[in-house]
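My entries follow in the order in which I looked things up.

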Amino acid sequence: MRALPFAHPFDDDKLREECGVFGVVGVADAANFVALGLHALQHRGQEAGGIVTHDPEQGFNSARRFGYVRDNFTSPSVMSTLPGEIGIGHVRYSTAGSKGNTQIRDVQPFFGEFSMGGAAIAHNGNITNADALRRELIDRGSIFQSSSDSECIIHLMARSMGRSIPDRMEEALRKVEGAFSVVAMTRTKLIGVRDPLGVRPLVLGKLGDGYALSSETCALDIIGADFLREIEPGEMVVINGGKVESHFPFRRSAPRFCIFEHVYFSRPDSILGGRSVYETRRQIGVELAREAPVEADLVCPVPDSGTPAAIGYSQEIGIPYAMGIIRNQYMGRTFIEPTEQIRNMGVRLKLNINRALVRGKRIVLVDDSVVRGTTTIKIRGMLLDAGAKEVHFRIASPPTAWPCFYGVDTPNREKLLAATMSEDEMCEHLGVDSLRFISLDGLYRAVGEARGRDPNAPQYCDACFSGEYPIEPSDMVERGFEMKAAE
């Protein structure tokens, strides 16, 4: 019986990305490069991972496992079963499908055998009309093997009359609504596609005579690949024989990249839109200090995601930066058969207060977001127990008041603290001396855009803050979700 991952209370109060995708072509031992790339993308999904490769003599081979990449795709016994010079991989945290009860059949990449050969796909994002597509496909005879929305793409490809795998993928994705960054492979071709709004990231890199596709640039760094460019919104690239062919099969739209990638999801050493994620987060802290100053003795991050913003806040306001909270770097998402007593320790398993530093001090804590608020309450209590005089929270994103339907694990709206409380009410509920969030305009300034002022400037998807969804979540509306009323 497989040991289920222990969802730590600290992690449970964070928004989590659904997955990361990676692929290489034209390199010996492709599976090893894919495993390294997935390791760099582990922050995008810790529940499960998979790799598919192709070798001319052995054909397609795959391995899918639960847990971390480092625990599953490092042993010679596994990697020797994945020969070839082309491969793709996926790391997963479920938001669609059998959430909390993942089966091995839900783990990507998915594979399909077509008349012109086999193909595997790995998908980052969420298909917002998956329920309707699934019903239609089942009515026409499709037999689904998983509960994942991504499997719809394989079935749509199987029903296409396109002459090639890329043609069939184009036709399938034209019927899909929502967010998708897809990395796919045939026997010889590596394919990358982004949805017309470019909600989720996808980048192209060069590795010797070969190429790589990745959710983030940090994964290119780990394999020594050169970052070439981002795949553009609505673009499909087909890499074959050392050549990159690009075309745009979808109707052009104004891009709406997920702004939360800048705030939290992406690794700070990645590049998004030509900007350093670390520098953007530091600038968020600068803007936050300008909007919400406070008299205090120390500025401390909630590690690790709050660190760059805390540095920016400290630099702008002139209050010393200090590590008032220490994170246990070796506390993973799995924990040996946790007893109820251990579970009740909660955040203390992962975070510890630097007591000598905070005693008698007025502390400004900088965090990336407040979702349910449960972790914020526990950290405030730990600081006061350690002798802190005051606890002020500054949040490096606007209030998260709406769920995301584009590939992010978000609680139901009624469980989001900001959906039911004002900022003052949240401050009282959390029991802190003060609580301030960066404004949406301030966040846009930090990422280099003036929100809504330049109609030609690229805007972001900020639905989790504003309730303005660039793609209607048709399945959720059908289930009764109420969209924000037009102003």
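I call a residue buried when its relative accessible area is under 20%, exposed when it is over 50%, and partly exposed in between (1.4 Å probe, protein chains only). With that cut-off I looked up Gln283, which counts as buried because its relative accessible area is 18%.

I noted that this is a predicted model, in which local features need pLDDT of at least 70 and side-chain atom pairs count only at pLDDT 80 or more, while totals for chains, interfaces and linings use all residues. Residues are numbered from 1 along each chain as its sequence is written, and side-chain values use heavy atoms, with hydrogens and water left out.

I placed Gln283 in helix α10, which covers residues 277-291; helices (H or I, at least four residues) and strands (E, at least two) are DSSP runs, numbered from the N terminus. Leaving aside residues up to four places away in sequence, Gln283 touches Arg290 and Ala446, where contact means heavy atoms within 4.5 Å.

Of the contacts between residues at least 6 apart in sequence, 69% join residues at least 24 apart.

I then turned to the nonpolar cores, each a set of buried Ala, Val, Leu, Ile, Met, Phe, Trp, Tyr and Cys residues joined through side-chain atoms within 4.5 Å. The largest has 72 residues, and Phe393 is among those with the most contacts inside it. Apart from that core lies another, of 27 residues, including Ala119 and Leu133.
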